[in-house]
Amino acid sequence: MKTLYIISRGIGKRSEEEMLQLERENRIPRASLLEDALSAQLLDERYLKKVPPLPRRLLYRYMPANLAQMIEALFIQHRYDVILSQSEQVGLPLALLMKYLRMKTPHLLIVSRITSVDEKKSRQKIWFFKRVKDVIDKFLIWSSTQRRFAIEQLGVSEERIKLIKRGTDQKFWSAEHVGKRTADETDTICSVGMEARDYPTLVEALRPLDIPCHIATGAARGEIFDTVRRLYDIEDLPDNLTTGFKTSEELRELYGRCRFVVVPLMKTDSDNGLTAILEAMAMGKPVICSRVEGQVDVIEDGVTGIYVPQGDPRAMREAIVELWNQP
């Protein structure tokens with residue numbers, strides 16, 4: 001089966017050869033596993049620079065990568081048995097255009113989430129979903145709450161939207177690479193991520209404590225999320241708290257030093273925080289997480305993690321102290 005795999009990576013990132021070498025050296029999580037399993041043609045930013053005919057390559061230089069990917073997909077989709085889109089910014093408008101152009105190539109779309117704390121993005125996705133729900137052959141989604149929303153609120157048929165489990169690279173995120181530490185050998189805690197994070201609540205929870213914590217966050221593709229900006233706007237961060245971006249290797253080392261990981265979330269009906277939660281679990285670290293509507297598929301309170309009420313610094317502080325003292 002010939003598959004066209006649409007994914008966004010970003011121009012200026014490491015070359016494919018360098019990425020594969022780093023994967024083999026276990027210095028970054030493996031991103032090539034799905035590509036290898038599918039034997040797919042990647043339609044990413046590098047493809048746009050090298051493969052299309054010269055006139056289209058010149059044209060793509062002057063437009064956003066997402067738009068260029070969509071246009072190129074329209075040109076070449078007939079060569080493939082199926083399209084797999086792992087970019088909603090490309091996959092949703094592409095499906096709409098294919099609908100109007102009566103293109104029949106089967107199309108699968110991996111959906112990270114439909115609604116989010118960004119109301120504008122949520123409205124845009126909902127608008128597209130309502131118009132392509134009957135032409136995308138299968139939606140693949142890893143949030144049961146979001147799947148239910150698509151079925152009950154947007155009218156997507158149950159057969160078209162399949163719940164799948166979100167994975168993480170347990171070969172990379174493994175304590176064996178940083179040395180297994182006892183509770184007495186771990187000297188900090190951490191929090192990780194950008195989207196829908198309630199860092200002000202975490203800051204207030206930590207303020208009267210002497211437990212060190214690093215918040216590993218920063219910009220994504222040059223963009224600073226509003227949730228991260230709210231952290232940066234706090235002028236009187238307590239001395240026991242540090243912030244800053246971590247590479248994958250640095251983050252793995254940080255997880256190794258931590259007794260546990262805290263994932264403070266804003267109110268959200270999506271599974272925000274899932275990546276950090278799975279990484280922490282793979283590293284063998286307990287997780288404290290804000291209880292929100294969307295974060296229900298991985299954490300079972302008291303079994304696979306600890307929930308605290310959303311936006312409650314006192315409850316978060318009590319959980320942190322208890323877990324720090326009784327690891």
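This is a predicted model: local features need pLDDT of at least 70, side-chain atom pairs count only at pLDDT 80 or more; totals for chains, interfaces and linings use all residues.
Residues are numbered from 1 along each chain as its sequence is written, and side-chain values use heavy atoms, leaving out hydrogens and water. Helices (H or I, at least four residues) and strands (E, at least two) are DSSP runs, numbered from the N terminus.

**Helix α6**
- Buried residues (under 20% relative accessible area, 1.4 Å probe, protein chains only) in α6 include V90, L94 and M98.
- The buried part of α6 packs against β1 (3–6), α5 (65–76), β3 (82–85), β4 (107–111) and α7 (119–132); contact means heavy atoms within 4.5 Å.

**The sheet**
- Six strands form an open sheet in the order β2-β1-β3-β4-β5-β6, with parallel pairing (strands pair if DSSP finds at least two bridges between them).
- β2 (41–43) and β6 (161–163) sit at the edges with a single partner strand each, so one side of each has no neighbour in the sheet.
- β3 and β4 run parallel, joined by 3 bridges; I83 has H107 in β4 as its bridge partner.

**Helices on strands**
- α6 packs on the sheet, and its direction makes about 150° with that of β4 (axes are lines fitted to C-alpha atoms, for helices over the stretch in contact; angles run from 0 to 180 degrees between N-to-C directions).
- α8 (144–154) lies across β5 (138–141) and β6, at about 160° to β6.

Conventions:
Buried means under 20% relative accessible area, exposed over 50%, partly exposed in between (1.4 Å probe, protein chains only).
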